[in-house]
Amino acid sequence: LALELFREMANSRVERSIFTYSATVSACAKGRQWVWALLLLRDCADSRVESDTMTYNAALSACEKCEQWVWALDLFREMMNSRLESDTITCNAVVSACETGGEWRWALQ
């Protein structure tokens, strides 16, 4: 439903903001739709909407829930390279993604 509403915003020419992106990425995380979460994060950048820590955390949470530790690490690196500030939620999501994916050694780095 969240993705449908998000698409409808674009079709209706309603401007999408970081808040609508974050909310939609978060809904994807809750629905265990990690691919859609990552696609939305990319679309955010393509639309010239600046991602923030909350948006990345939502995408990281989607990766965590679906045991996508490689993607979680890539997102974390991307976040650090973008000079976005990480928080406890960021670190917990990355560590948990590595742990649930059986790659706890990566979490120690």
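Begin by selecting I18, S22, V25, S26, A29 and K30 in α2, which are in contact (heavy atoms within 4.5 Å) with M54, T55, A58, A59, S61, A62 and K65 in α4. The helices are DSSP runs of H or I with at least four residues, numbered from the N terminus. This is a predicted model, in which local features need pLDDT of at least 70 and side-chain atom pairs count only at pLDDT 80 or more, while totals for chains, interfaces and linings use all residues. Residues are numbered from 1 along each chain as its sequence is written, and side-chain values use heavy atoms, with hydrogens and water left out.

With α2 and α4 still selected, look along their axes, which are lines fitted to C-alpha atoms over the stretch in contact, with angles running from 0 to 180 degrees between N-to-C directions. These axes come within 8 Å and cross at roughly 10°, and α2 and α4 are therefore roughly parallel, a label for angles under 35 degrees.

Next, select V25, Y56, A59, L60 and L75, the residues that touch the most other members of the 28-residue largest nonpolar core. Such a core is a set of buried Ala, Val, Leu, Ile, Met, Phe, Trp, Tyr and Cys residues joined through side-chain atoms within 4.5 Å, where buried means under 20% relative accessible area with a 1.4 Å probe, protein chains only. The largest share of this core, 6 residues, comes from α4.

Then centre on L60, which, leaving aside residues up to four places away in sequence, touches A72, L75, F76, M79, T90, A93 and V94.

Finally, select C28, which counts as buried at 4% relative accessibility.

Key: Buried < 20%, exposed > 50% of the residue type's maximum accessible area, 1.4 Å probe, protein only. Helix = DSSP H or I, 4+ residues; strand = E, 2+ residues; numbered from the N terminus. Parallel < 35°, antiparallel > 145°, perpendicular 65-115°, else oblique.
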